[in-house]
Structures are given as structure tokens and as C-alpha cells.
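Take a look at the model below.

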Amino acid sequence: MGPEEKAAVIFNTTFVHPVKFYISGFSNIPHVKYFYVFLCFVYIITVLGNGFLISVIYLVKTLHTPKYMIVFNLALTDLCGSTALIPKLLDTFLFDRRYIFYEACISYMFFVLFFGSVQSWTLVTMSYDRFIAICFPLRYHSIVTKPAIAAMLFSVWVFVLSVIGCMVGLIDRLSFCSSLVVKSFYCDHGPIFRLACNDTSLNYIMGYVAFIVILCIPLVLIALTYVCISIELSRIASGEERLKAMKTCTCHLILVAVFFLPIVGTNIATVSSQIHPNARIINSTLTHTIPALLNPIIYSLKTEEVLNSIRKLCNINKISNKTSKNVNTLSLLY
């Protein structure tokens, strides 16, 4: 009995919703379990890296600045996004539990897309911070304040929640009458709504709207900020000062490249040509997982403030350990 026959359906007065979907994943790839084991290591390092960065920002008071509020938000969304995707992905394919309940599938889709979208707009907020720092340095501390950044980040979460909530909510108006095999590695939006047997035009439109709002507009805004930054840098006479200003943007540019290039490339390849399902799944999997892995590494190794803060924490621990040893020695003497 095939996957389509196994999955029962629930009928109501308007729509036909399946009890379960079947996530197909890769097809005809030998030793594919090694790829999932690799993703397991990616997840462990992602959790450790982002957890460590969040802890450093929380513990070191000198990092309680608007800039590191944004970095904290990025690390948090990376952690949540990876946790939403990878454990369930490993459970699905490593333990061959490919059937997923309809409601669980919709929730799975929402959280993966939601945290990825928040990450996209967080990078826009970072570019705004760099834009003000370089183009309006004298007014930076009056414009980029903690309340202002908190309001921006809160607006990002609410805005993304409404867009993704609307897009995922529209899945509920679809009927699934034939195949219930999702040709992806998770409950992806496109592969699921294309299985529907009633009108999906609204889902197509919302999918394109989400693509523009979540990927295209952030990328355009980031590009515009760096055009303005480049113009401002060209006006700086001293080469040393120009290089110093450029260094403040290096981490952000790396994060933007790591996040946007793979996901935009995958979407363009999918739309413009017939990409093999296995190649699309590999590209999409790495697009969803690798940026979250690299972000804390980039910020820990490339940012002097974070490195100094880590050294401070290490020195404090050494001093506290020495103090406790001295106290123990004195207590033994007396």
C-alpha cells in the first residue's frame, strides 16, 4: 500500500483535510543517512555557538548596546529556527517517521518560515545600524537608542508574524483529494499547496507576496544602505579612517552573503529551470541550516568587542577560582 492510500482524510462541509502527510525527502541516494548525521552535528554546533553568543551578550554589561540587541535577536532566531527544523527533520528521516499529522505539519511550516523571515529582517535592522553609524556618526547615539531598536525588532516580529500567519493560514482553505506526498524535506509551503485539488491562486499570490516581502525588499533595503555607505566612505579623505569604517561593516556583509545568496540562488534556479528534486532539497536544507551555524562563529571571531568580552569573562572566572582556592586554604589553616 502506497503513502497516498495509507493517509486517511477528514471531511467537513467545505474542505477535505488529510489526517497525515507523507514527507518524501531524497529519492534514490545511497548512504543518505550520513547527510542527516552531518545535520545533527550542524545542529549541535549551532546550539552551542548561538547559546554561547547569547550568554556572552547577556552577561557582559558593555555589550548591552543597541547594536548587540540586534545581534542577540539574530542569535535567538538562529537558535529557534534551527530547533524548529533540524530535530524534526532528523526524527523524520533517521528514524523513518515520514508520516506527519496535518496540524503538526502546518505548525512545522509556520515556525520554520517564521524564524527564517525574522532573520531576514533582523539583517535589515543591522544594516540600518551600520548606515547611521557611518553616515551620521555624530547623531548615532541620539538616533540608535535602546528603545528605538527594541521598537524596530518588536515591529519586525509582529510584521513577520502577520505575513507568515496569513500565508500558512491560507493552507487551511485547501482540499487535498489525491496525493499526500510532500516532495521536500519538511512541510514546505510550495510543495504542500501544490497538492491541493481546489483553487490555489490565492496561495500562489500569497507565496509571491511573502517572497517579495521576506527576501526581495530586505535585500533591496540592505543594498540601498550600502550604496549610501559607499558614497559616504568615498568622501573620507584618510585611507586609514575609510578602512576602519569599512571594517565595521565586514561582519554584516558576510552574514548577508551567507543568508541571502544561497536562498535567492535556490529560488531563482527553481523558477528559471528544471532543478532535480534531490539537488533542490540539498540546497534548501543547507540554506536553512548553515547561516545559523556560521553567524555566531563570524561574530565571535570577527568582532573585537565580543572577543574582548570573552577574554573578560575568562579572566573573571580565573580570579573567582583563585579567590575560592585561597578561601578554602585559609579555612583549612584556621
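Two strands pair if DSSP finds at least two bridges between them. Helices (H or I, at least four residues) and strands (E, at least two) are DSSP runs, numbered from the N terminus. The model is predicted, so local features need pLDDT of at least 70 and side-chain atom pairs count only at pLDDT 80 or more, while totals for chains, interfaces and linings use all residues. Residues are numbered from 1 along each chain as its sequence is written, and side-chain values use heavy atoms, with hydrogens and water left out.

**The chain**

The protein chain holds 11 helices and five strands. It has 334 residues, and 44% of them count as buried. Buried means under 20% relative accessible area, exposed over 50%, and partly exposed in between (1.4 Å probe, protein chains only). Contact means heavy atoms within 4.5 Å. Among contacts between residues at least 6 apart in sequence, 79% join residues at least 24 apart.

**The sheet**

Three strands form an open sheet in the order S4-S3-S5, with mixed pairing. Strand S4 (99-101) and strand S5 (181-182) are the edge strands, and each pairs on one side only. Strand S3 (residues 20-23) and S5 run parallel, joined by two bridges. Here Ile23 has Val182 in S5 as its bridge partner. S3 and S4 run antiparallel, joined by three bridges. Tyr22 stands opposite Tyr99 in S4.

H4 lies across S3 and S4 and runs at about 90° to S4. Axes are lines fitted to C-alpha atoms, for helices over the stretch in contact, and angles run from 0 to 180 degrees between N-to-C directions.

**The pockets**

On a 1 Å grid over the protein atoms alone, a pocket is an open set of points with protein on both sides within 12 Å along at least five of seven lines; a cavity is a set where a 1.4 Å probe fits but cannot get out, and lining residues have an atom within 4 Å of a point. Grid points are joined across faces, edges and corners, and a volume is the space filled by probe spheres set on the points.

| Pocket | Volume | Lining |
|---|---|---|
| Largest | About 1,400 Å³ | 49 residues |

Which residues lie nearest the centre of the largest pocket? They are Asp188, His189, Gly190, Pro191 and Asn267. Helices that each supply at least two residues of this lining include helix H7 (189-193) and helix H9 (239-272). By class, the lining has 26 nonpolar, 18 polar and five charged residues. Ala, Val, Leu, Ile, Met, Phe, Trp, Tyr, Cys and Pro count as nonpolar, Asp, Glu, Lys and Arg as charged, and the others, Gly among them, as polar.

**Two positive phi angles**

Most residues other than glycine have a negative phi. His31 has a positive phi of about 55°, although it is not a glycine. His31 sits in the loop between S3 and helix H2 (33-59). Is His31 buried or exposed? His31 is exposed, with a relative accessible area of 63%.

Asp96 also has a positive phi, near 55°. Its place is the loop between H3 and S4. Asp96 counts as exposed, at 55% relative accessibility.
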